[in-house]
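Hi,

Here is the structure I promised to pass on. Have a look at it first, and then read my notes below.

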Amino acid sequence: MAFKPTPKKLSYKDLERKAKSYLNATNAVMDRMVDKLAMERLHAEIHMEVNRLVAEGEMSKHELFQWRLKWEDVRKNQNVPPEKLAEYLQLPNLRSNYLGIYHATSQEVGDELTAFYLGLEG
């Protein structure tokens, strides 16, 4: 029978470092989730705006085709920063919406994260 050493009891500092590591990892995940959710909402707003422009005759079929090519480029390459996306896709009505969408999403995720942290304490 092999000898198994007793695991060393973690010190307060070790536990504190471990807790901070978990907190930092959780915050990093939440930051990425805010970005993803904000982008999904922005994409939905973009498509609603394009649908409105087409329905009201403000965008021709040719312009819609050109827009679709740009959209495919954005979707595949993700080479346009989110705050410049509306301008790149020539949708000026959405230019100011990005920050509002991002902040609203950030607030929602922040509220969820706060509730999660409070649940851990209780």
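**What turned up**

The second largest pocket has a volume of about 180 Å³. Bear in mind that this is a predicted model. The residues lining that second pocket are Leu53, Glu58, Met59, Glu63, Gln66, Trp67, Lys70, Leu89 and Gln90. Helix H2 contributes the most to this lining, with four residues. Sorted by class, the lining of the second largest pocket has four nonpolar, two polar and three charged residues.

Now for the largest pocket, which holds about 250 Å³ of space. It has 13 lining residues, and Met39, His43, Val74, Gln78 and Pro82 are the ones nearest its centre. Helices H1 (12-55), H2 (61-77) and H3 (82-88) each give two or more residues to that lining. H1 has the largest share, five residues. By class, the lining of the largest pocket has seven nonpolar, two polar and four charged residues.

Are they buried or exposed? Trp67 is buried, because its relative accessibility is 5%, and Trp71 is buried too, at 4%. You have already met Trp67, by the way: it is one of the residues lining the second largest pocket.

Side chains of opposite charge can pair when their charged atoms come close. This structure holds eight salt bridges, and here are a few to look up:

- Asp14 pairs with Arg17, with the closest N and O atoms 2.6 Å apart. Both sit in helix H1, three residues apart, about one turn of the helix. Asp14 is partly exposed at 21% relative accessibility, while Arg17 is exposed at 51%.
- Arg68 pairs with Glu72, and here the closest N and O atoms are 3.2 Å apart. Both lie in helix H2, four residues apart, again about one turn of the helix. Arg68 is partly exposed at 41% relative accessibility, whereas Glu72 counts as buried at 18%.

There is also a network: salt bridges with shared partners join Glu49, Arg52, Glu56 and Glu58. Within it, Arg52 bridges to Glu56, the closest N and O atoms being 2.8 Å apart. Arg52 is partly exposed, with 26% relative accessibility, and Glu56 is exposed, with a relative accessible area of 52%.

Cheers

Key
Residues numbered from 1 in each chain as written. Predicted model: local features only at pLDDT ≥ 70, side-chain atom pairs only at ≥ 80, totals over all residues. Heavy atoms only, no water. 1 Å grid on protein atoms, 1.4 Å probe; cavity = no way out; pocket = protein on both sides within 12 Å on 5 of 7 lines; lining within 4 Å. Points joined across faces, edges and corners; volume = space filled by probe spheres on them. Nonpolar A, V, L, I, M, F, W, Y, C, P; charged D, E, K, R; others polar. Buried < 20%, exposed > 50% of the residue type's maximum accessible area, 1.4 Å probe, protein only. Salt bridge = Lys/Arg side-chain N within 4 Å of Asp/Glu carboxyl O.
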